[in-house]
Structure formats: structure tokens, C-alpha cells
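Work through the exercises below with the model in view, and compare each solution with what you find.

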Amino acid sequence: DLEKFFKIKVQDQIFVTGKIDRVDDMGDGVIRIIDYKTGKKPDDKQLSKSLQLSIYTMAAMEPSLYNKPIGKIELTFYYLQNNESVTVAKNLDDIENTRTALVEQVHKIQQANYEPKVGPHCDFCPFRSEE
């Protein structure tokens with residue numbers, strides 16, 4: 001698949017949608033999820049904490065998408081700048097931690113309880129406070 005759309009239920013009224021760049025059938029029931037990156041490769045610690053790949057794993061596990069057990073999902077970032085790929089493994093604890101983090105972030109957003117990261121994009125932000 002290319003640009004595969006997904007919508008997953010994280011909790012009762014919390015859904016996450018997105019698109020996976022590429023999904024390859026590797027045989028023996030294994031799929032490889034590939035996300036293309038144009039920037040530089042971060043260090044291994046940052047890669048292992050990738051929220052994006054955890055969400056893609058959650059999507060691939062969904063019965064309505066690929067219905068794969070976690071052991072049959074390979075996750076790869078492909079860095080176009082230097083033609084380097086990095087494969088990252090996720091486990092069920094990672095997925096549960098991701099689910100918890102997503103729910104917490106949604107609740108913070110709903111309560112407007114978060115610290116903004118000020119930048120040029122703030123001029124267009126609907127949450128911008130009146131001065």
C-alpha cells in the first residue's frame with residue numbers, strides 16, 4: 001500500500017487518523033511499514049521513542065486495517081537525504097504507553113492545559129490568546 005489512510009480508536013471518544021507512507025508485504029504474514037523522512041536521522045534514543053511509529057503499529061494491529069500481531073510488524077524510517085534506513089522494534093508496553101500518552105494529551109488539549117511552543121506559526125493559531 002502507498003499513502004494508506006487509517007483511523008483508530010484510542011479510547012471511547014478519542015480517534016487518531018493519519019496516512020502511512022508505504023506498507024510492504026514481506027511474506028510469512030509480516031508487513032513492513034516505511035515512513036520516508038527528508039531531514040537528518042536523529043539519535044537512536046529518539047528513534048526508539050517514536051510516537052509516530054507506535055501509532056502506525058496500533059493502526060496495523062487493528063482488525064479493520066491489517067489485523068497483524070505486533071511480532072509481524074516491521075517499522076522502518078527511510079532517510080532520503082542519505083539513503084539510510086533504520087528499523088525500530090515496538091512491543092506491547094510501547095503501544096500501551098502510547099495509548100496512555102495520547103489520551104493524556106487529548107485531555108490537556110480539551111482543557112487548554114498545555115504550554116505552547118511559540119514560533120512563526122502562532123500568527124495563524126486559533127488558540128492564540130487575545131493581546
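**Exercise 1.** Determine what share of the contacts with a separation of 6 or more comes from residues 24 or more positions apart.

*Solution.* Counting as a contact any heavy atoms within 4.5 Å, one finds that residues 24 or more positions apart account for 54% of the contacts in this set. The structure is a predicted model, in which local features need pLDDT of at least 70, side-chain atom pairs count only at pLDDT 80 or more, and totals for chains, interfaces and linings use all residues. Residues are numbered from 1 along each chain as its sequence is written, and side-chain values use heavy atoms, with hydrogens and water left out.

**Exercise 2.** Describe how helix α2 and helix α3 are arranged, and which residues meet.

*Solution.* Begin with the axes, which are lines fitted to C-alpha atoms over the stretch in contact, with angles running from 0 to 180 degrees between N-to-C directions. Those of α2 (residues 51-61) and α3 (residues 92-110) come within 9 Å and cross at roughly 105 degrees. That makes α2 roughly perpendicular to α3, a term covering angles of 65 to 115 degrees. Next, list the residues: L51, S54, I55, T57, M58 and M61 in α2 meet L92, I95, T98, R99 and L102 in α3. By class, the residues of this contact divide into seven nonpolar, three polar and one charged.

**Exercise 3.** Is T76 buried or exposed, and which residues does T76 contact?

*Solution.* T76 lies in strand β4 (residues 73-79). With a relative accessible area of 5%, T76 is buried, which means under 20% with a 1.4 Å probe and protein chains only. Leaving aside neighbours within four places in sequence, T76 is in contact with R32, I33, I34, D35, S85, V86 and T87.

How values were computed. Helix = DSSP H or I, 4+ residues; strand = E, 2+ residues; numbered from the N terminus. Parallel < 35°, antiparallel > 145°, perpendicular 65-115°, else oblique. Nonpolar A, V, L, I, M, F, W, Y, C, P; charged D, E, K, R; others polar. Buried < 20%, exposed > 50% of the residue type's maximum accessible area, 1.4 Å probe, protein only.
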